[in-house]
Amino acid sequence: MKAVFIMEMPDYCEECPLEMDVEDAQGNVWVWNGNICRGCGKRNADMFQKPDWCPLVPMPEHIPVQGAEAVSSPSLSGRIYEGLKEAAAMGWNNCLDAIAGSPASSN
């Protein structure tokens, strides 16, 4: 089973809610400027850099929708193909909006 957690993408580990400081037995944060990622359990030696193994993946971008007036194919099959591409783009965009919890876009 998979899950999706939507949040603003942090620029580096220190800003991330999955970041866990390493503390000693007395609760003092270690001074080695590192942390452990709760998302994957890996140690990052520099919490002010985003490692290449970061488990966070950016949301895909919306696909531009041209609209029916932009279909330039003279043939019926070409117009159908262009219409299907537009419908697929609109479906993709609506799925992204639903995942992100934002209202459906009308582009």
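Reply: What follows goes through the chain, its cavity, its pocket and its salt bridge. This is a predicted model, in which local features need pLDDT of at least 70 and side-chain atom pairs count only at pLDDT 80 or more, while totals for chains, interfaces and linings use all residues. Residues are numbered from 1 along each chain as its sequence is written, and side-chain values use heavy atoms, with hydrogens and water left out.

Me: What pattern does the chain follow along the sequence?
Reply: The pattern reads β-β-β-α, from 1 helix and 3 strands, where helices (H or I, at least four residues) and strands (E, at least two) are DSSP runs, numbered from the N terminus.

Me: And how much of the chain is buried?
Reply: Buried residues account for 18% of the 107 residues, with buried meaning under 20% relative accessible area, exposed over 50%, and partly exposed in between (1.4 Å probe, protein chains only).

Me: Switching topic, how many cavities of 30 Å³ or more are there?
Reply: The count is 1 cavity. On a 1 Å grid over the protein atoms alone, a cavity is a set of points where a 1.4 Å probe fits but cannot get out, whereas a pocket is an open set with protein on both sides within 12 Å along at least five of seven lines, and lining residues have an atom within 4 Å of a point. The largest cavity holds about 130 Å³ of space, a volume being the space filled by probe spheres set on the points, which are joined across faces, edges and corners.

Me: Which residues lie nearest its centre?
Reply: Of the 16 lining residues, Cys13, Cys16, Cys37, Pro51 and Cys54 lie nearest the centre of the largest cavity, and strand β2 (residues 35–37) gives the largest share of the lining, 3 residues.

Me: What about the largest pocket, what is its volume?
Reply: The largest pocket has a volume of about 480 Å³, and among its 16 lining residues Phe5, Ile6, Met7, Leu56 and Val57 are the closest to its centre.

Me: Last one, which residues form the salt bridge?
Reply: Lys85 pairs with Glu82, their closest N and O atoms being 3.7 Å apart, where a salt bridge is a side-chain nitrogen of Lys or Arg within 4 Å of a carboxyl oxygen of Asp or Glu. Both residues lie in helix α1 (residues 76–100), 3 residues apart.
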